[in-house]
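Here is a short report on one structure.

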Amino acid sequence: STSSMKQNLTQCTDVLADILQNSTYSEAAIERERSVILREMEEVEKQAEEMVHDHLHATAYQHSPLANPILGSRENVASVTKADLESYVKAHYTAPRTVVAAAGAVDHDKFVEDVAKKFEGMPTDGQSADELVATNPTTWTGSEVRMRDDYTADNKLRLAVAFEGASWADPDSVALMVIREMLGSYSADTGVGIHSTSELAQRVAANGMATHFNTFSTCYKDTGIFGIYAETDDAWNQAGDLSWNISHAITKNVYTVEDSDVERAKNALKVSTLASANDGAMATALDIGTSMLAYGRRIPLAEMFARIDAVDSATVKRVAERFFLDKDPAIVAWGSTQNVPDYQLFQRRTFWLRQ
């Protein structure tokens with residue numbers, strides 16, 4: 001991505017086209033970037049939440065491409081060659097998998113003309129994203145990873161509980177976003193706590209169960225992942241209660257949902273959607289590109305708001321039943337894990353026995 005003045009857009013398009021189509025991959029540049037990536041990996045490894053999410057994907061999507069970390073493995077980074085890079089670019093940098101987007105002070109017709117001219121050399125053959133997914137589809141595996149370490153630098157337990165979610169094109173992806181807003185987030189560094197609109201945040205704050213938690217709903221081409229990540233610095237006393245409350249909060253949406261909670265969550269989702277849509281020209285261009293790859297078109301704000309408005313309590317229950325009821329979760333626990341319940345208890349809490 002790049003930014004420029006309106007009069008320089010043609011030159012920027014030319015530079016991007018040249019980078020994608022004519023990079024030389026000199027041995028010196030490869031060695032320089034190899035060391036940069038290894039340093040980036042060291043920095044990522046210091047970010048506990050990132051590492052937990054890497055392990056979560058590795059266990060949930062084992063034997064699938066999504067199990068691989070974004071930066072790859074140290075072994076691959078250390079051994080990759082110029083021939084490997086050229087082979088990868090030839091296979092994946094193709095016209096069917098490329099979107100060139102611009103936003104801001106743009107002469108649309110001139111931009112389209114420049115892109116058609118500058119990118120005409122991109123190969124038009126090769127597998128599309130849909131074909132790649134069909135060849136190697138993603139599989140979800142209910143499983144867990146526990147890394148007991150009673151001597152972490154900050155003495156915290158990190159816990160993630162997740163379920164398979166919706167893909168980008170799944171019509172239920174918006175309802176899962178609403179459920180994400182209903183479950184909410186919490187940080188002990190803020191003064192919200194027991195005054196939060198999230199029942200889970202109120203329970204966590206009132207009982208000191210965690211210093212932080214957030215709910216995530218990530219979409220991919222043919223699958224998704226939905227769950228809660230939490231941290232506590234009192235694992236010995238709080239691990240059991242925290243685990244129970246996370247599981248309870250997720251499964252509760254199958255059985256009982258308040259209309260007022262749904263409306264608040266829908267409004268919050270609209271606010272965040274509107275904020276991201278007005279975050280500048282660069283963010284808009286990235287959103288256009290992502291939307292084209294995910295949906296084949298850019299979804300207008302009016303349509304997205306209509307999809308959010310269509311979610312009601314019955315929709316939340318139906319979607320929660322589809323994704324959470326008696327489903328196998330993926331779990332990662334890192335730190336003082338001795339009081340984290342075993343996997344069977346997490347799975348048992350995906351349904352309630354009710355008459």
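Helices (H or I, at least four residues) and strands (E, at least two) are DSSP runs, numbered from the N terminus. The model is predicted: local features need pLDDT of at least 70, side-chain atom pairs count only at pLDDT 80 or more, and totals for chains, interfaces and linings use all residues. Residues are numbered from 1 along each chain as its sequence is written, and side-chain values use heavy atoms, with hydrogens and water left out.

**Cavity**

A cavity is a set of points, on a 1 Å grid over the protein atoms alone, where a 1.4 Å probe fits but cannot get out; lining residues have an atom within 4 Å of a point. Grid points are joined across faces, edges and corners, and a volume is the space filled by probe spheres set on the points. The search of the whole structure finds 1 cavity of 30 Å³ or more. The largest cavity has a volume of about 50 Å³. Its lining consists of Val161, Phe163, Ser247, Ile250, Thr251, Pro329, Phe346, Arg349 and Thr350. H10 gives the largest share, 3 residues.

By class, the lining has 5 nonpolar, 3 polar and 1 charged residues. Here Ala, Val, Leu, Ile, Met, Phe, Trp, Tyr, Cys and Pro count as nonpolar, Asp, Glu, Lys and Arg as charged, and the others, Gly among them, as polar.

**Sheet**

Two strands pair if DSSP finds at least two bridges between them. An open sheet of 6 strands runs in the order E1-E6-E2-E5-E4-E3, with mixed pairing. Strands E1 (143-148) and E3 (185-187) are the edges, each pairing on one side only.

| Pair | Sense | Bridges |
|---|---|---|
| E1 and E6 | parallel | 6 bridges |
| E2 and E6 | antiparallel | 5 bridges |

Trp334 in E6 stands opposite Met147 and also opposite Arg158. Ala333 in E6 faces Arg146. Is E6 enclosed or open? Buried means under 20% relative accessible area, exposed over 50%, partly exposed in between (1.4 Å probe, protein chains only). 5 of the 6 residues of E6 are buried, so this strand is largely enclosed by the rest of the structure.

**Cysteines**

How many disulfides does the search find? The count for the whole structure is 0. A disulfide is a pair of cysteine sulfur atoms within 2.5 Å. Cys12 counts as buried, at 15% relative accessibility. Cys219 is buried too, with a relative accessible area of 9%.

Note on methods
On a 1 Å grid over the protein atoms alone, a cavity is a set of points where a 1.4 Å probe fits but cannot get out, and a pocket is an open set with protein on both sides within 12 Å along at least five of seven lines; lining residues have an atom within 4 Å of a point.
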